[in-house]
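Please look through the sequence and the model below before reading on. The report that follows takes up helix packing, a few individual residues and some backbone features in turn.

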Amino acid sequence: MPNRYADSNLKLFSLNSDPKLAKKIAEILGVELGKSSVTRFSDGEIQINIEESIRGCDVYIVQSTSAPVNEHLMELLIMVDALKRASAKTINLVIPYYGYARQDRKARAREPITAKLVANLLQRAGSTRVIALDLHAPQIQGFFDIPIDHLLGVPILGEYFLNKKLEDIVIVSPDHGGVTRARKLADRLKAPIAIIDKRRPRPNVVEVMNIVGHIEGKTAILIDDIIDTAGTITLAANALVEHGAKEVYACCTHPVLSGPAIERIQNSKIKELVITDSITLPEEKRIDKLVELSIAPLISEAIKRIHEKQSVDELVQL
């Protein structure tokens, strides 16, 4: 593919969280990935070297703050500082998965709001723009005082299920907080929705209470933004089958899949789990039930529109 930005000042860099995704984005844009290296001193300190001139350039950095979240976050902060000191014109952060997003408010006394702290760190380091995907809490956009483009994974997931041509479907939200997301997918698939009424006695522990909506004899599609330990999604899938659902699919934007998640999914009633590559999965987590869709075309289009000073609203509101 010819380098469409060969004579421009667009530079795309990748750190260690999503090198495969960054490569896909670069190929779609028709650019070479910027030359940089991330090394560590013997005591574990991170050192970053930018191995080409970026003076006066619009720089885009692809880095999810996924596990190990603190390592990836520090890499990003150090890279931003290096770019600022090297006289980059703009420093645009492409953060497919925003770590600490679930700590977006004080749920109990004396708790931090870590999602806000991370936003402060990224801004103070020198970032000028953020491109994010499916923030766990949309209000995190307000934690930033710089432009933020909040993209959605629903169009990608919706297109996949449209192409499967499933019949008699119902879109299911695994909790009340995900109803808006479920409604967006339901609108695309022209399907009704149902809701799992759950109780969470402590973090990562879920008890299903009731199912609100008609699911008997239907093909259920569970949708969430994040699947972490998979307790919620697998418990919901099993409950749907017990209440008469014909079969159960599940989908999410961010496959954190920590701890017992893979084993739970493998042993659950979920027929297929559809995910995106917002988080790079190790090979040992790639089981047959997983279907991975790429967000690279969406991210690439956002970068192209920003760089060419076009509207991003169409992408944000898809």
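## How two helices pack

An axis here is a line fitted to C-alpha atoms, taken for helices over the stretch in contact, and the angle between two axes runs from 0 to 180 degrees between N-to-C directions. With that in mind, and remembering that this is a predicted model, one can turn to helix H2 (residues 69–85) and helix H3 (residues 114–125), whose axes lie 8 Å apart and pack at an angle of about 20°. Because angles under 35 degrees count as roughly parallel, H2 is roughly parallel to H3.

On the H2 side the contact involves Leu73, Leu76, Leu77, Val80, Asp81 and Lys84, and these meet Val118, Leu121, Leu122, Arg124 and Ala125 of H3. Sorted by class, the residues of this contact of H2 with H3 comprise eight nonpolar, no polar and three charged.

## A second pair of helices

Helix H1 (residues 19–29) and helix H8 (residues 296–307) also meet, with axes that come within 9 Å and cross at roughly 55°. H1 and H8 are therefore oblique to each other, and their crossing is right-handed. H1 contributes Leu21, Lys24, Ile25, Ile28 and Leu29 to the contact, while H8 contributes Ala296, Pro297, Ile299, Ser300, Ile303 and Lys304. Counted by class, the contact of H1 with H8 has eight nonpolar residues, one polar residue and two charged residues.

Thr219 belongs to strand E11, which covers residues 219–227, and because its relative accessibility is 2%, Thr219 counts as buried. When residues up to four places away in sequence are not counted, Thr219 touches Leu166, Glu167, Asp168, Ile169, Val170, Lys246, Glu247 and Tyr249.

Ile279, by contrast in setting, is placed in the loop between strand E13 (270–276) and strand E14 (290–293). Is Ile279 buried or exposed? Its relative accessibility is 7%, so Ile279 counts as buried. Leaving aside neighbours within four places in sequence, Ile279 is in contact with Asp18, Ser66, Tyr97, His254, Pro255 and Val256. Ile279 and Lys11 are separated by 268 residues in sequence and, from C-alpha to C-alpha, by 22 Å in space.

## Backbone features

Most residues other than glycine have a negative phi, and most peptide bonds are trans. Against that background, a cis peptide bond joins Ala67 and Pro68, with omega at about -5°, and Pro68 is found in the loop between strand E4 (58–62) and H2.

Lys190, although not a glycine, has a positive phi of about 50°, and this residue sits in the loop between helix H5 (179–189) and strand E9 (193–202). At 76% relative accessibility, Lys190 counts as exposed. Leu257 is another residue other than glycine with a positive phi, in this case near 45°, and its place is in the loop between strand E12 (247–255) and helix H7 (261–266). Because its relative accessibility is 0%, Leu257 counts as buried.

Definitions and conventions
Residues are numbered from 1 along each chain as its sequence is written. This is a predicted model: local features need pLDDT of at least 70, side-chain atom pairs count only at pLDDT 80 or more; totals for chains, interfaces and linings use all residues. Side-chain values use heavy atoms; hydrogens and water are left out. Helices (H or I, at least four residues) and strands (E, at least two) are DSSP runs, numbered from the N terminus. Angles under 35 degrees count as roughly parallel, over 145 as roughly antiparallel, 65 to 115 as roughly perpendicular and the rest as oblique. A crossing is left-handed if the near helix is turned anticlockwise from the far one by less than a right angle, and right-handed if clockwise. Contact means heavy atoms within 4.5 Å. Ala, Val, Leu, Ile, Met, Phe, Trp, Tyr, Cys and Pro count as nonpolar, Asp, Glu, Lys and Arg as charged, and the others, Gly among them, as polar. Buried means under 20% relative accessible area, exposed over 50%, partly exposed in between (1.4 Å probe, protein chains only).
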